[in-house]
Amino acid sequence: MAAAGRADDVLVPALSHWPAEAIAQAEALIRQHEGRDITLIGSSLGGYYSLWLGERYGVRAVLVNPAVRPYELLAEMLGQQSNLYTGEAYTLTEQHLQQMLAIDVPSLSQPQNYLLLTQTDDETLDYRQAVDKLTDSTMLIQQGGDHGFQQFDALIPAILAFSEGRVELPEVPGLPSVDS
């Protein structure tokens with residue numbers, strides 16, 4: 001974004017490990033930028049949060065290998081954890097799962113507001129859950145890849161186009177599309 005002269009258009013907030021606090025932090029940022037064209041980009045649990053925020057605020061969201069039911073996925077991981085980026089230690093509890101369940105989105109009111117980017121060899125999540133959830137949304141499903149979403153940078157032009165209300169999904173070299 002800096003290379004495109006748009007560094008001021010990007011916010012990457014450090015969110016709390018508590019889902020309710022993370023949502024409150026993101027909501028505060030959305031309200032702070034009210035009146036601007038907002039597109040959320042969330043990966044994994046961030047995709048889950050972005051889906052809920054997109055429904056609540058009617059904003060576009062790009063969901064990258066999103067968690068669909070993290071309250072189920074993380075149930076087997078209760079206990080001591082650490083933030084992948086900051087190293088901060090915390091204890092994942094049943095209360096975390098309940099806070100995730102509280103923001104579950106059973107159905108989409110505006111599926112056109114979502115762009116799903118997913119790769120079939122995600123070692124953490126079953127990509128088919130996201131495909132089923134976002135069936136009426138624009139999606140790019142790529143064969144192979146992983147949870148970190150290989151070659152994400154090649155899709156930045158498509159993400160920018162989507163944020164402007166256009167849909168332009170390129171082929172990514174080395175990762176053929178399954179469906180789009």
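In the predicted model, helix H2 comprises 13 residues, 45-57. The buried residues of H2 include Tyr48, Tyr49, Leu51, Trp52 and Leu53, together with Gly47, Ser50 and Gly54. Glycine 58 follows H2 and has a positive phi, near 65°.

Tyr48 of H2, buried in that helix, is also one of the residues touched by leucine 101. Leucine 101 lies in helix H4, which covers residues 94-101. Its other contact, when residues up to four places away in sequence are not counted, is Tyr71. Leucine 101 has a relative accessible area of 41%; because this value falls between the 20% limit for buried and the 50% limit for exposed, leucine 101 is classed as partly exposed. The C-alpha atom of leucine 101 is 8.0 Å from that of arginine 69, although 32 residues separate the two along the chain.

Strands E3 (residues 79-82) and E4 are antiparallel and are joined by 4 bridges. Glutamine 81 has tyrosine 90 of E4 as its bridge partner. The two strands form a hairpin with 6 residues between them, and glycine 87, in the turn, has a positive phi of about 80°. In a regular strand, side chains alternate between the two faces of the sheet.

Helix H6 (residues 156-163) begins with isoleucine 156. This helix is mostly covered, with 6 of its 8 residues buried. The buried residues are Ala158, Ile159, Leu160, Ala161, Phe162 and Ser163, and they pack against three strands: E1 (39-43), E2 (60-64) and E5 (114-119). Isoleucine 156, by contrast, is partly exposed, at 32% relative accessibility. The side chain of isoleucine 156 contributes to a nonpolar surface patch of about 330 Å², to which Met1, Val10 and Val12 also belong. After H6 comes glycine 165, with a positive phi near 90°.

Conventions. Residues numbered from 1 in each chain as written. Predicted model: local features only at pLDDT ≥ 70, side-chain atom pairs only at ≥ 80, totals over all residues. Heavy atoms only, no water. Buried < 20%, exposed > 50% of the residue type's maximum accessible area, 1.4 Å probe, protein only. Contact = heavy atoms within 4.5 Å. Patch = residues over 30% accessible without salt bridge, like charges linked within 9 Å, V, L, I, M, F, W, Y side chains within 5 Å. Areas by Shrake-Rupley, 256 points an atom, 1.4 Å probe, with all protein chains shown as cover. Salt bridge = Lys/Arg side-chain N within 4 Å of Asp/Glu carboxyl O. Pairing = 2+ DSSP bridges. Expected span 1.5 Å × (residues − 1).
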